[in-house]
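I opened this notebook to keep track of what I looked up, one topic at a time. Here is the structure I was working from.

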Amino acid sequence: MLGVWSLLLLWGLATPCQGLLEMVGTLARIDQDELGKAIQNSLIGGPILQNVLGTVTSVNQGLLGSTGLLGGGGLLGYGGVFGIVEELSGLKIEELTLPKVSLKLLPGFGVQLKLHSKVRLHGSGPLGGLLQLAAEVNVSSRVALGMNARGTPILILKRCSTLLGHISVLSGLLPPQLFGVVEQTLFKVLPELLCPMVDSVLRVVNELLGTVLGLVPLGALGSVEFTLATLPLTSNQYIELDINSIVKSAAGDIIDFPKPPKPIKVPRKENHTSQVTVPLYLFNTIFGLLQTNGALDIDITPELVPRNVPLTTTDLAAFVPEALAKLPPDQQLLLSLRVKEAPTVMLQNKKATVSIPANIHVLSYLPAGTPEALFELNGVMTLNAQLTPSAAKLHLSLSLERLSVKLASSFVHTFDASRLEEWLSSVVRVAYVPKLNVELDVGIPLPKVLNVNFASAVLEIIENAVVLTVAS
């Protein structure tokens with residue numbers, strides 16, 4: 001029977017609430033299965049515990065090696081605490097069973113983490129022959145949750161106690177008098193060995209929690225910095241992290257937009273799933289960053305459109321002849337599109353749309369000449385957004401739904417600009433929308449939640465937010 005190490009992680013005294021949530025940043029809900037799996041994987045092959053545990057069947061590396069914690073020069077080696085047992089029977093620890101992790105969240109209190117293991121010892125028995133012993137252990141620790149200067153959650157070991165379970169003789173003979181000495185020595189040695197291993201477990205957990213936060217580059221545009229807004233909260237199924245999303249330009253300026261007027265109603269999380277909720281605020285801020293960087297502006301010339309899309313004075317005259325006056329036919333047109341205000345994103349009714357206000361200057365020009373202004377339009381482009389998650393980002397692909405324009409000024413005659421909407425829409429679809437999608441390739445960054453891969457996540461668009469849910 002395997003022993004039990006019971007580790008109590010104090011995560012805070014509040015419990016996450018369902019329903020309305022005053023949320024500006026990204027909300028991450030980590031399922032207890034995901035946390036347990038991450039710790040188990042780290043114990044098996046993680047760089048932190050690997051240095052302590054090593055390969056449990058090997059005698060030449062890691063914990064059991066000659067330079068390891070249990071090796072010849074280590075805690076239990078020659079000259080160490082285990083010296084009395086060495087002199088008595090030559091016992092050495094030959095195996096520490098790789099712990100099996102089980103985890104339970106305690107609502108409003110913390111996390112109970114259980115690590116099951118067994119220690120096996122061998123040596124020469126006092127009556128000759130090989131002596132093999134097995135000892136069960138039970139370590140209970142209390143850990144406080146703090147926050148470092150970077151705003152990263154950190155677990156601090158406050159108290160650790162170890163109980164030694166049943167000691168059994170697997171092979172060989174051990175007189176009762178010597179059995180008592182061995183038992184007393186193990187009671188003294190194992191706490192000094194296993195409590196530092198709890199610290200190693202905490203370092204793994206802290207490293208995993210630390211990856212939630214940090215700086216995510218957005219190419220040449222800038223970056224998004226994730227910071228923790230409040231202490232983590234716990235329910236009986238998940239840990240909740242409220243994460244601030246701070247968008248900065250390449251120059252380091254914070255791109256800030258008004259907060260949502262109403263709280264977001266976050267849907268209930270199903271069991272055995274982890275969930276990330278991305279707020280509307282982050283979408284608007286990313287588009288605001290694109291706008292301030294001029295990434296949404298474009299000059300459209302005939303070279304940027306296929307031949308079947310008309311972009312000459314002759315083609316324009318078919319729609320609004322009064323706008324051209326006496327310009328010669330077949331002269332090329334230049335459309336200078338400028339976005340001077342930040343786009344507006346709407347998330348509602350299971351649909352994502354983007355509204356981009358634009359000034360469109362229409363000019364005639366000769367490749368070797370100076371462009372001549374014809375008229376200026378004020379337009380609004382409404383685009384549908386297709387959202388697709390990847391491992392660490394939420395990608396957007398836009399398509400034009402409609403374009404409405406009004407005449408702002410004309411250097412010849414006034415006219416009804418709505419007659420140009422169909423023609424302008426065809427130009428925007430082939431020349432402008434592809435540019436937008438290239439610029440949007442940076443995506444909406446997602447925080448690293450215990451390295452959860454969101455590529456297979458189920459995506460749901462709710463009012464003012466997008467929810468990604470992935471099975472544990």
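The entries below follow the order in which I looked things up.

**Confidence.** I began by noting that this is a predicted model, and that the protein chain averages a pLDDT of 78, with 81% of the residues scoring at least 70. Over residues 1-14 the pLDDT is below 50, although this stretch has 76 contacts in the model beyond near neighbours in sequence. For residues 19-23 I found that pLDDT also stays under 50, and here the model has 16 contacts beyond four places in sequence.

**Nonpolar cores.** Next I asked which residues have the most contacts inside the largest nonpolar core. They are F283, L316, M381 and Y432, in a core that has 120 residues. The largest share of this core, 13 residues, comes from helix α4, which covers residues 176-210. I then followed Y432 and, leaving aside its neighbours within four places in sequence, listed its contacts as L296, I298, L337, V339, I356, M381 and V427. I also noted a second, separate core of 6 residues, which includes L27, V266, I462 and V467. As background I wrote down that in soluble globular proteins nonpolar side chains tend to be buried together.

**Aromatic pairs.** The structure holds 2 aromatic pairs, and I looked up one of them, F375 with F415. The ring centres of F375 and F415 are 5.0 Å apart and their planes stand at 80°, which is over the 60 degrees needed, so this pair is edge-to-face. F375 lies in strand β20 (residues 372-389), whereas F415 is in the loop between β21 (393-410) and α7 (421-439), so the pair ties together parts that are 40 residues apart in sequence.

**Strand β11.** My last entry concerns strand β11 (residues 222-228), which is mostly covered, since 6 of its 7 residues are buried. Strand β10 (residues 214-217) pairs with β11 in the antiparallel sense over 4 bridges, and within this pairing L215 has E225 as its bridge partner in β11. The hairpin of β10 and β11 has 4 residues between the strands, and G219 there takes a positive phi near 65°. I also found that β11 runs antiparallel to strand β13 (residues 238-249), to which 7 bridges join it, and that T227 stands opposite N244 in β13.

Conventions. Residues numbered from 1 in each chain as written. Heavy atoms only, no water. Phe/Tyr/Trp six-rings, centres within 6.5 Å; stacked < 30°, edge-to-face > 60°. Helix = DSSP H or I, 4+ residues; strand = E, 2+ residues; numbered from the N terminus. Buried < 20%, exposed > 50% of the residue type's maximum accessible area, 1.4 Å probe, protein only. Pairing = 2+ DSSP bridges. pLDDT = per-residue confidence, 0-100. Contact = heavy atoms within 4.5 Å. Core = buried A, V, L, I, M, F, W, Y, C linked by side-chain atoms within 4.5 Å.
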